[in-house]
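Hi,

Here is the structure I promised to pass on. Have a look at it first, and then read my notes below.

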Amino acid sequence: MSTATTARDQSSPVRGTGDAGVRSWKNPIILSVVALFALLVFALGAPGNDVTFRLSEDNDPIVLPSIVVSGPVIGWIAALAMLALAVLAILRTRSGQKTPTWVLAVFAVLFLVAFLTWVVGSARTPNVALYGLLAGSVTLAVPLIFGSLSGVLCERSGVVNIAIEGQLLFGAFAAAVAASLSGSAFVGLLAAAVAGVLVSLVLAVFSIRYVVNQVIVGVVLNVLVSGLTGFLFSAVLSEDSERWNSPPRLPVIEIPLLADIPVIGPILFQQTIVGYLMYVAVAVVYVALYHSRWGLRTRAVGEHPKAADTLGVNVNRMRFVNVLLAGVVAGIGGSFFTLVAVSGFGRDMTAGQGYIALAALIFGRWNPIGAFFAALLFGFATNLSNVLSLLGTPVPDQFLRMLPYVVTVFAVAGLVGRSRAPGASGIPYIKG
Amino acid sequence: MKLELIGITKRFGSLVANDSIDLVVEPGQVHSLLGENGAGKSTLMNVLYGLYDPTEGEIRVDDRPVTFKGPGDAMAAGIGMVHQHFMLVPVFTVAENVALGNEATKAGGMLNLQETRTRIRQISDQYGFDVDPDAVVEDLPVGVQQRVEIIKALVRDAEVLILDEPTAVLTPKETDELLGIMAQLKADGKSIVFISHKLREVKAVSDVITVVRRGKVVGTADPSAPTTELASLMVGRSVSLTLDKKPATPGEVTFRVRDLTVQAANGQRVVDGLSFDVAEGEILAVAGVQGNGQTELTEAIMGLQDHVTGSITLGGTELVGRSVKDIIRAGVGFVPEDRSVEGLVGTFSVAENLILNRYDDAPFAKGLSMSPAAIEKNADEKIAEYDVRTQSASAAAGTLSGGNQQKVVMAREFSRPLKLFIASQPTRGVDVGSIEFLHRRIVAERDGGTPVIIVSTELDEVLELADRIAVLYRGRLMGIVPGAVSRDVLGLMMAGMPADEALAQAHDVQGGNL
């Protein structure tokens with residue numbers, strides 16, 4: 001090897017260690033503020049009573065004892081531990097080091113535990129079903145996960161997909177109508193996939209073939225789908241909802257024995273086909289993206305399309321196919337709204353979930369597994385706000401309903417470090 | 001494999017990039033394509049590689065006519081290309097980059113990277129490349145990235161390799177290694193098309209030289225032809241390759257840099273503890289391979305970088321921490337390295353670009369209004385003085401050729417009295433004729449008593465202009481040597497050797513030869 005490279009190799013470790021770096025006080029400041037907040041609210045303002053977290057129902061095949069904790073004890077322990085972590089972060093930043101990821105992770109878990117204990121303890125009934133909280137989170141995360149996967153497929157190939165919202169909504173609409181007319185929820189599922197592809201087709205033709213700004217096409221598509229389904233809803237569906245808008249729901253398929261496992265049984269093994277498809281889709285997209293020829297080419301056209309082109313890969317065809325696939329995924333996700341969650345379509349019923357899915361995609365760093373967990377977090381936040389408003393907490397309902405969006409803002413604002421988008425995402429490829 | 005291009009013409013609208021070019025590459029030959037920037041070399045190679053369709057003409061492989069619909073066809077025919085700007089996906093590993101488009105797969109389209117790794121190791125061992133298949137490309141030095149490009153071509157069984165300006169990004173040492181690799185490939189019976197405008201390298205490796213000017217083949221030359229002959233063939237008139245300049249008469253030291261450190265956003269020290277002085281009436285050239293902190297150094301002086309520590313003083317005034325506007329007002333003239341992005345506003349007229357640094361001063365502005373007459377008068381004067389070839393003063397600056405754009409930038413920066421002049425890559429992508437002019441203008445500024453800093457990655461330019469040479473390597477100063485130092489010393493320093501060691505080693509080598 002050349003002198004140049006050996007000299008570089010020798011010098012790089014020297015530069016790497018003990019370097020003051022560009023100090024960022026972002027993490028220590030945020031941690032300190034949150035820890036002080038925890039001290040004031042969760043510790044000093046802790047409810048005096050015990051808090052019960054139920055792990056199973058009495059009539060479940062396997063009954064687990066409930067976890068009963070004391071509000072003030074948990075509040076104080078968590079708040080003090082959080083303060084300690086904040087101090088650690090300050091000390092490390094002062095000596096020019098980065099805040100380790102585990103500090104952030106432990107801090108987040110402590111905050112969550114303290115918050116749950118405090119908020120449930122302050123409620124009229126300080127008793128919550130933890131398994132229900134988790135299972136509900138997964139259920140609410142299903143459309144988000146499908147939406148994020150749709151985003152992964154598009155953005156990894158270099159096309160920004162703002163139209164996830166539109167794909168979900170059109171999928172929901174098509175599923176409701178097709179299932180109502182045919183009387184079969186499975187026909188609805190198929191129709192949802194087709195509807196997603198239709199939205200994708202418009203996105204693909206305009207953004208790839210006609211090189212229109214991808215963000216604009218996406219936003220326009222969302223408005224278009226919202227207007228179209230809204231019009232059809234009032235003009236057709238509401239006129240005769242028995243005929244047009246009363247789809248059968250997808251049956252819940254319980255996997256014998258496995259579904260009886262406490263806590264995780266209901267989460268993993270008591271789902272509709274859409275729920276199981278979600279797990280399959282995450283796994284398939286992940287494996288295909290990183291370990292198949294299709295995945296290698298997809299990532300290449302999303303990072304450096306010209307390089308792919310000079311190696312004989314048809315960039316725009318790859319992108320076209322990926323955008324259409326994304327439509328299938330998001331369409332199926334849309335069917336969740338009308339075939340699983342409720343029976344029937346409602347105007348704008350996706351309510352911005354497509355945008356949350358987009359946030360999950362970014363938070364998950366354009367990785368299917370990452371997007372999956374990010375979507376779960378948002379699902380958890382949504383479900384928590386639902387459960388808490390039922391329990392009757394002192395926090396006003398309006399604030400609770402902001403929870404998922406607050407989590408989204410913090411997550412995307414880079415609390416967990418900078419994420420790196422695919423190099424060519426949003427940039428159309430023009431040959432020559 | 002014998003490769004023939006017969007009467008290749010490529011037009012882009014009314015622009016003729018290639019005008020019926022004939023070229024024959026015999027097997028086992030290094031065929032150099034010599035020409036200035038914009039002569040049409042790269043266009044021709046893109047035609048050959050299937051990226052452009054030729055407007056007219058024919059490509060023959062082993063006497064059979066072929067048509068390439070895309071790079072895939074060209075590769076299948078045994079043509080491989082190493083692009084000037086590497087076609088590597090930065091976040092991929094070497095193996096992934098090599099596999100792309102030519103993937104070895106298992107059942108169900110799953111990648112078999114193991115097979116690709118084995119192939120890479122084979123080729124790497126055969127040619128002594130020392131490339132790790134699992135390294136991520138963006139972490140590799142440029143020289144190694146280039147070898148990855150060569151491996152990509154060899155894995156696809158290329159018989160003809162096109163190397164497009166391969167030495168532009170390399171240290172002199174890496175360049176020597178590349179020339180060695182080319183000799184090895186040639187010995188294995190591969191043909192090489194070597195594209196360059198560097199006469200020395202072309203003479204060193206070629207079997208045949210074809211000279212291209214303004215899209216036409218203007219002649220072939222023997223590698224033993226004298227350099228001046230090749231240069232005049234390339235430019236189309238006799239050129240003086242050496243600049244007449246008087247020895248510098250350095251005056252008072254007015255510009256001082258002390259312990260200057262610039263950190264990138266990720267905390268890396270891209271400029272690391274630099275200290276140096278520049279005196280009035282001297283040119284300090286900053287040499288080094290691209291990306292070793294030169295850009296950040298000039299931008300730190302101009303106030304364009306965050307996270308700067310240390311001190312920069314001009315005539316006793318501290319510049320660190322002041323705004324760009326203050327620094328310009330303090331009398332610093334700056335020619336940035338990328339004129340089309342940073343030096344000019346392409347959609348603005350030449351006249352407007354000429355006053356970008358003085359737009360709010362008299363006589364160009366009064367209160368809130370601009371005064372078009374003054375702006376136009378200024379433009380007419382500068383266009384005449386600098387011989388800017390433009391249709392009019394109101395033509396968009398982006399439509400000018402590289403050399404003329406650079407004249408506009410220089411004219412603007414020299415249009416006010418300077419206390420310091422900094423030029424980054426002042427002649428990159430500029431035709432030879434304009435280079436002479438720009439160099440003379442820079443030397444004139446020096447002779448007028450201005451301290452001058454030139455940043456250049458071209459050794460020829462550094463040696464021609466410099467009174468003293470500072471070499472940067474990974475953000476650190478390897479030392480400052482006199483302008484008349486040998487190329488060998490500079491080469492060693494650019495690869496990370498401190499000045500005293502480099503001087504001693506170069507001295508030893510010379511002693512040994514004698």
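How many helices and strands are there in chain B? There are 18 helices and 22 strands, where helices (H or I, at least four residues) and strands (E, at least two) are DSSP runs, numbered from the N terminus. The radius of gyration of chain B is 25 Å, close to the 24 Å that the globule rule gives for 514 residues, so chain B is as compact as a globular protein of that length. That radius is taken over C-alpha atoms, and the rule is 2.2 Å times the number of residues to the power 0.38.

Before you go further, please note that this is a predicted model: local features need pLDDT of at least 70, side-chain atom pairs count only at pLDDT 80 or more, and totals for chains, interfaces and linings use all residues. Residues are numbered from 1 along each chain as its sequence is written, while chains are lettered from A and ligands numbered from 1 in the order in which they are written.

**Chain B overall**

Along the principal axes, the C-alpha atoms of chain B fill a box of roughly 70 × 55 × 50 Å. Of its 514 residues, 48% count as buried; a residue is buried if 20 or more other C-beta atoms lie within 10 Å of its own, exposed if 12 or fewer, and partly exposed in between, with C-beta atoms placed from the backbone. Among contacts in chain B with a separation of 6 or more, 65% come from residues 24 or more positions apart. Two residues are in contact if their C-beta atoms, placed from the backbone, lie within 7 Å.

**Where the chains meet**

In chain B, 37 residues are in contact with 30 residues of chain A. The elements giving two or more residues to this side of chain B are helix 2 (71-76), helix 3 (94-99), helix 5 (142-155) and helix 6 (172-187). The residues on that side divide into 15 nonpolar, 14 polar and 8 charged. Here Ala, Val, Leu, Ile, Met, Phe, Trp, Tyr, Cys and Pro count as nonpolar, Asp, Glu, Lys and Arg as charged, and the others, Gly among them, as polar.

**Strand 8 of chain B**

Helix 6 of chain B turns up again here: with strand 7 and strand 8 of chain B, helix 6 makes a right-handed β-α-β unit. Right-handed means that, with the strands pointing away from the viewer, the path from the first strand over the helix to the second runs clockwise.

Strand 8 (residues 191-196) of chain B is mostly covered, with 6 of its 6 residues buried. Ser191(B), Val193(B) and Ile195(B) point one way, Ile192(B), Phe194(B) and Ser196(B) point the other way, and all are buried. In a regular strand the side chains alternate between the two faces of the sheet.

Strand 8 of chain B runs parallel to strand 3 (residues 30-34) of chain B, joined by 5 bridges, and Leu33(B) stands opposite Ile195(B). Strand 7 (residues 160-164) of chain B is also parallel to strand 8 and joined to it by 5 bridges, with Val160(B) opposite Ser191(B). Two strands pair if DSSP finds at least two bridges between them.

**An open sheet**

In chain B, 4 strands form an open, antiparallel sheet in the order 12-11-14-15. Strand 12 (269-279) and strand 15 (317-318) of chain B stand at the edges, each with a single partner strand, so one side of each is left without a neighbour in the sheet. Strand 11 (residues 253-263) and strand 14 of chain B pair over 6 bridges, and Phe255(B) has Leu314(B) as its bridge partner. Leu314(B) is also the bridge partner of Thr317(B) in strand 15 of chain B. The hairpin of strand 14 and strand 15 of chain B has 2 residues between the strands, and Gly315(B) takes a positive phi near 55 degrees there.

**Helix 14 of chain B**

Of the 12 residues of helix 14 of chain B, 11 are buried, so this helix is largely enclosed by the rest of the structure. Its buried residues pack against strand 16 (332-335), helix 11 (339-343), helix 12 (350-353), helix 13 (372-386) and helix 15 (432-447) of chain B.

Happy browsing!
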